[in-house]
Amino acid sequence: SSSYINSGKSLSVLISYINRALYLDDTTKTSFIIASPSREGASALAEKAKEIVSSITEKKVGVVFVADGANRKQERLKITTGQATIVIGTPQRIIEYLNDKNILKFFDALQGIAIDDVDTMLKVGYVKEVKELVKICIDTEVRFEIYGNDLDYKIFDDIDSGIKYEK
């Protein structure tokens, strides 16, 4: 887990989002999401995030970990009670919440979605989920960022194929 965090890319995305959260007027709604290809990686990143934000005194920045096998009731409670400025989790669970009409209003302040380790996501079969996250960003005009260890232009072709751009 710690090697996942220490790679630098995940931590730089996290620090960027925490820094941006400090300038928000309202930190009670989810503003940033980081999707990770594995439950373990997402969990480690969320723990690191909680460690970092616990030392911040200027503003309360909430971090919530969401993933299959985690406590769905606890996740929902944190998202719906203003404890989730940053949501970190697996793509399936993130998409589940973004498509949930009862929770969607808590994402109306969303400013960015980072797809971390996208090359691994695509290699392990999350092509549909990556496309859906990108489409959600395009449809809602939310900024998306893609990070990976072995990015090439083919990845963008893989992501782009099948996405319907409608306005």
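This is a predicted model: local features need pLDDT of at least 70, side-chain atom pairs count only at pLDDT 80 or more; totals for chains, interfaces and linings use all residues.
Me: Where do I start? How many helices and strands are there in the protein?

Reply: Start with the inventory. The protein has eight helices and five strands. Then read their order along the sequence. Here the pattern is α-α-β-α-β-α-β-α-β-α-α-β-α.

Me: What share of the residues counts as buried?

Reply: The protein has 167 residues, and 47% of them count as buried. Look at the contacts too. Take those with a separation of 6 or more: residues 24 or more positions apart account for 74% of them.

Me: Now two helices. How is their packing described?

Reply: Packed helices are described by the angle between their axes and the distance between the axes. Take H2, residues 9–21, and H3, residues 39–53. Their axes come within 11 Å and cross at roughly 40°.

Me: Why are H2 and H3 called oblique to each other?

Reply: Use the angle. Under 35 degrees would count as roughly parallel, and roughly perpendicular begins at 65. The crossing is at roughly 40°, so H2 and H3 are oblique to each other. The crossing of H2 past H3 is right-handed.

Me: Which residues of H2 and H3 make the contact?

Reply: From H2 come Ser10, Leu11, Leu14, Ile15 and Ile18. From H3 come Leu45, Lys48, Ala49, Ile52 and Val53. Find both groups in the structure above.

Me: Next, aromatic rings. How many aromatic pairs does the structure hold?

Reply: One. The partners are tyrosine 17 and phenylalanine 32. Their ring centres are 4.6 Å apart, with 25° between the planes. Planes under 30 degrees apart count as stacked, so this pair is stacked.

Me: Where do tyrosine 17 and phenylalanine 32 sit in the chain?

Reply: Tyrosine 17 is in helix H2, and phenylalanine 32 is in strand S1, residues 32–35. They are 15 residues apart, so the pair links distant parts of the chain.

Me: Are tyrosine 17 and phenylalanine 32 buried or exposed?

Reply: Both are buried.

Me: Now charges. How many salt bridges are there?

Reply: The count is eleven. Arginine 72 and glutamate 96 form one, at 2.9 Å from N to O. Arginine 72 is in helix H4, residues 72–80, and glutamate 96 is in helix H5, residues 91–98. They lie 24 residues apart.

Me: What about aspartate 100 and arginine 76?

Reply: They form a salt bridge, with the closest N and O atoms 2.7 Å apart. Aspartate 100 is in the loop between H5 and strand S4, and arginine 76 is in helix H4. Aspartate 100 is buried, because its relative accessible area is 17% and the limit is 20%. Arginine 76 is partly exposed at 27%.

Me: How far apart are the N and O atoms of glutamate 145 and arginine 143?

Reply: This salt bridge has 3.6 Å from N to O. Glutamate 145 is buried, with a relative accessible area of 10%.

Me: Which residues do salt bridges with shared partners join into one network?

Reply: Asp68, Arg72, Glu75, Arg93 and Glu96.

Definitions and conventions
Residues are numbered from 1 along each chain as its sequence is written. Side-chain values use heavy atoms; hydrogens and water are left out. Rings of Phe, Tyr and Trp (its six-membered ring) pair if their centres lie within 6.5 Å; planes under 30 degrees apart count as stacked, over 60 as edge-to-face and the rest as tilted. Helices (H or I, at least four residues) and strands (E, at least two) are DSSP runs, numbered from the N terminus. Buried means under 20% relative accessible area, exposed over 50%, partly exposed in between (1.4 Å probe, protein chains only). A salt bridge is a side-chain nitrogen of Lys or Arg within 4 Å of a carboxyl oxygen of Asp or Glu. Axes are lines fitted to C-alpha atoms, for helices over the stretch in contact, and angles run from 0 to 180 degrees between N-to-C directions. Angles under 35 degrees count as roughly parallel, over 145 as roughly antiparallel, 65 to 115 as roughly perpendicular and the rest as oblique. A crossing is left-handed if the near helix is turned anticlockwise from the far one by less than a right angle, and right-handed if clockwise. Contact means heavy atoms within 4.5 Å.
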